[in-house]
Amino acid sequence: MPIVGYYNGEFVTPDSGIVPLDERGHQFGDGVYEVIRCYNGRPFLLDWHLDRLWMSLQALRIVPPFTKDECASLIERLIAESREPESAIYLQVTRGSAVRNHLFPEPTVKANVSATVRPVTSQTSKAPGTLLMMADERWANAWIKTINLLPNILAKQTAHDMGADEALLVRDGAMIESASSNLWFVRDNQLITAPADRYILNGITRRFVMELANQLGIVVRESKLPVEELTKVDGIFITGTLTEVFPIQRVVTHPDLPYASLPAVKGSEPLAADKCQVAWEARDLSLVGRLQSAFADAIATFSR
Ligand code: PDD
């Protein structure tokens, strides 16, 4: 199946050099995005993604170059073009192209829209993973889905380098999110996840899992879990559009990655992976398994 690329009305191959050098997404990271999962050729939870895209655009004062209906039609065209039933659609809207200047360009400059469609496979059969605990170095508006993801990619790469699957980000002493997924704890058969304030991205999957938990009669508490309470946690999982519901087996820490404060500036000395220490091991992932099954059932019903 073809991998589809799109830029301002044209279908292109994703590696074509079509983006102008003066594109503000390219120069400043001045844009927003969504990742939408397609199951059986249909975009999952599309309305929620569109609502969040509009929230992000409004937060950055980018004028949408299309209506929500036009955006939904574009997504349908992208899916049709790819002919791929299981795919991830990456949709990006930037402030447009103009001579580099920190100030916003003239209102006549129109936002740029780009997209890719790529095949993906389900994550649900993957074995439980590992999180590396570290300080959250992101800005104070993590709720906006901006393409400025430098702290996220550095956190995820560090986790990967240390043999972990994801980062567990700590801000003000609480474990609030992962680098590219939302973070959940199971304690006493209840779920705990950080409230959707300005410091986390309010995930579409997070919202969907809340509904599933509600249907299953599982209590969800939106509160910030302090690091000291990690030992009382029975299970952990992370959620995201591509991550789906992913159980966690262990949390590790690294002596050179202080999570209670920002690490000292040390240049580019690589961290030694063998210095990682286990801070937490899963005690009971049965409730996470129930949520995974409920998620898989919901997808099967959606895909019919
Ligand atoms: N990541 N938190 C962060 C920081 C994220 O980047 C994401 C998603 C999530 C989960 O949100 P959702 O359930 O809406 O996908 C939480 C996307 C998929 C990405 O950047 O590729």
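These questions and answers look at the ligand site of a predicted model.

User: Which pocket holds the ligand, and how many residues surround the ligand?
Analyst: The ligand is placed in the largest pocket. Among the residues around the ligand, the closest are Tyr33, Glu177, Ile204, Thr205 and Thr241.

User: Which residue has a backbone N or O atom 2.8 Å from an oxygen atom of the ligand?
Analyst: A polar contact needs a pair of N or O atoms within 3.5 Å. Tyr33 has a side-chain N or O atom 2.6 Å from a ligand oxygen, and for the side chain of Thr241 the distance is 2.5 Å. The residue with the backbone atom at 2.8 Å is Ile204.

User: How much of the ligand's accessible area does the protein cover?
Analyst: On its own, the ligand has 480 Å² of accessible area.

User: Which domains each give at least three residues to the shell around the ligand?
Analyst: Strand E3 (31-39), helix H5 (204-215) and strand E14 (235-240) each give two or more residues to the shell. By class, the shell has 5 nonpolar, 10 polar and 4 charged residues. The domains that each give at least three are domain 1 (4-119) and domain 2 (129-303).

Note on methods: Residues numbered from 1 in each chain as written. Predicted model: local features only at pLDDT ≥ 70, side-chain atom pairs only at ≥ 80, totals over all residues. Heavy atoms only, no water. Near = heavy atom within 4 Å. Polar contact = N/O pair within 3.5 Å; in protein donor to acceptor, adjacent residues only side chain to side chain. Areas by Shrake-Rupley, 256 points an atom, 1.4 Å probe, with all protein chains shown as cover. 1 Å grid on protein atoms, 1.4 Å probe; cavity = no way out; pocket = protein on both sides within 12 Å on 5 of 7 lines; lining within 4 Å. Sits in = over half its atoms within 2 Å of the grid points. Helix = DSSP H or I, 4+ residues; strand = E, 2+ residues; numbered from the N terminus. Nonpolar A, V, L, I, M, F, W, Y, C, P; charged D, E, K, R; others polar. Domains from an automatic or database assignment.
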